[in-house]
Amino acid sequence: MTNEEIQHIVSSWSDTLTFSEEASEFLNIEVPVDELHKICSQLKSNPDLKFNYLFCVTGMDWGKDLGVIYHLESTDFRHCIVVKVKTSDRENPTMDSVSDIWYTAELHEMEVYDFFGIKFNNHPNLKRLFLPLDWQGWPLRKDYVDEENMIIK
């Protein structure tokens, strides 16, 4: 299935989605934060798309916005798609978990929480994954300052 065919199907689900190919072979979809779970569920369950494999989840700090990028593949049809979601709420960034759709998201979302502080609603076990439980802050945010390990010249 071509990117145009995928876009034709997905665009019928909501008029708030934004599409681009951004010099990528994959179709990129930007989804509003309040529609993330619904759209992801449809991407997996739609019989013409069957995006049944979530192979990469990346936290992002775009400066003004925090967000997550999901890379999906259909193992049946061998097509891929990129789903982006952003929030401008840097004080309390939250979005719905997709771990009930793709089980592998459970671990990926814990990593994003650990390094970016994005909270995932309905996540079954959201906690720090790599950093100590008493770690202060979110070290992959652009505004993070590590007072303890600063090098002063």
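How many aromatic pairs does a search of the whole structure find? The search finds three. The model is predicted, so local features need pLDDT of at least 70 and side-chain atom pairs pLDDT 80 or more, while totals for chains, interfaces and linings use all residues. Residues are numbered from 1 along each chain as its sequence is written, and side-chain values use heavy atoms, without hydrogens and water.

**View A. The aromatic pair of Tyr53 and Phe55.** The two rings are tilted, at 5.8 Å centre to centre and 35° between the planes. Rings of Phe, Tyr and Trp (its six-membered ring) pair with centres within 6.5 Å; planes under 30 degrees apart are stacked, over 60 edge-to-face, and the rest tilted. Tyr53 is partly exposed, at 40% relative accessible area, and Phe55 is partly exposed at 32% (buried is under 20%, exposed over 50%, partly exposed in between; 1.4 Å probe, protein chains only).

**View B. Lys86 over the face of Trp62.** Lys86 lies at 4.6 Å from the ring centre. A charge sits over a ring if NZ of Lys or CZ of Arg is within 6 Å of the ring centre and within 35 degrees of the ring normal.

**View C. Arg90 and its contact with Asp61.** Arg90 is in the loop between strand S5 (80-87) and strand S6 (94-96); strands are DSSP runs (E, at least two residues), numbered from the N terminus. Arg90 is buried, with a relative accessible area of 16%. Its side chain makes a polar contact with the side chain of Asp61 at 3.0 Å (a pair of N or O atoms within 3.5 Å; within protein, one must be able to donate a hydrogen and the other to accept it, and residues adjacent in sequence count only if both atoms are side-chain atoms).

Definitions and conventions. Helix = DSSP H or I, 4+ residues; strand = E, 2+ residues; numbered from the N terminus.
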